Amino acid sequence: MAKVLCVLYDDPADGYPTTYARDDLPRIDHYPGGQTTPTPQATDFTPGALLGSVSGELGLRRFLEERGHTLVVTSDKDGDGSVFDRELADADVVISQPFWPAYLTPERIAAAGNLKLAVTAGIGSDHVDLDAAVARGITVAEVTYCNSISVAEHVVMMTLSLVRNYLPSHRVVLDGGWNIADCVARSYDLEGMHVGTVAAGRIGLAVLRRLAPFDVKLHYTDRHRLPEAVEQELGLTWHESAADMVPHCDVVTVNAPLHPETEGLFDDKLIDTMKRGAYLINTARALIVDQDAVDRALRDGRLAGYAGDVWYPQPAPADHPWRTMPHHGMTPHISGSSLSAQARYAAGTREILECWLDGRPIRDEYLIVAGGALAGTGAHSYSISG
């Protein structure tokens, strides 16, 4: 029997919900491009319920315990003596989320003698040290595409929010004010601007498709160039590198995975090449940008705004400089954890567990590491140091 250790974020401050704002979710059975949504043999949850927090348990407890397996769910993942560290020693499977990541460092992997499978309930497995997973032969899997559109919608929202100066204007209303000039002194139209994405995979391409109707000029850079038909359809300009692209853009959005080739990409040197007053949107991973360089660029006016929902570490400490830097639109890491997305990544996590426990192959598109090497989506999108 397997022991499954699941790390999820805390329940709402006022308790687990008993009612929700809506009664149902739209039914989606495939993603753009044709990949099907998760297809577990069954589920034990109601779509639209809060599944990503501790009490939601990703809807896994009945499924696992009826088969005789053990499920441990906790949000206590950091610090000496955490529940995660105590339970990790004999865990066979670890499930974590990008929103509340349990960092599987080389040291933790070395201490987890039974660990065979690390599952990301979502997308983005950089919280797992992939070099160590490869060396140990641990399978790493994620629910590819489950929340890509969720994140893309968040990017579009943040782009418009920064360019139109929405959040400061909303604050004026909350504070009882009505000074129009205060609201519009930093407000522009997105129309006609040059918008570029660093990486045009599932999220980046979805962002481009959603922004095209705003009559913007679209740019992208990616090590895998898109088909010519897609470039023509959206009027895309491809650039060989981020350094080549960003000087042309008014808005840059980062949609690349974190790995050795992208870590620290947006440093002072690259930001200095951007147009003065450009906007930078990062819902990918915080370590792709230099934390202090972003702060400096906002304060001296090189950047007009920065938004995103990814921080390092997560949760961000109360004194994190991004909480107080000017002209930002940061949120906690929520873009890929809408209730809609939760239904998909909970179902996908169950699908992965069903396959692994039954000895059936896990979908190739869900695999990041398998058989001691990058595999599936991991081989396409990630790199390792070794």
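Author: Start with E57. E57 counts as buried because its relative accessibility is 18%, where buried means under 20% relative accessible area, exposed over 50% and partly exposed in between, with a 1.4 Å probe and protein chains only. The model is predicted: local features need pLDDT of at least 70, side-chain atom pairs count only at pLDDT 80 or more, and totals for chains, interfaces and linings use all residues. Residues are numbered from 1 along each chain as its sequence is written, and side-chain values use heavy atoms, without hydrogens and water.

E57 sits in the loop between β1 (3-7) and α1 (61-66). Helices (H or I, at least four residues) and strands (E, at least two) are DSSP runs, numbered from the N terminus. The phi of E57 is positive, near 55 degrees, and E57 is not glycine. Most residues other than glycine have a negative phi, and most peptide bonds are trans.

D215 also has a positive phi, near 55 degrees. Its loop runs between α8 (202-211) and β7 (217-221).

Now the cis bonds. One joins Y312 and P313, with omega about -5 degrees. Another runs from Q314 to P315, with omega near 0 degrees. P313 lies in the loop between β11 (303-308) and α13 (339-358). P315 is found in the loop between β11 and α13.

Last, the cysteines. The whole structure holds zero disulfides, a disulfide being a pair of cysteine sulfur atoms within 2.5 Å. For C146, the nearest cysteine sulfur is that of C6, 14 Å away. C146 is buried at 1% relative accessibility. C249 is buried too, at 0%.
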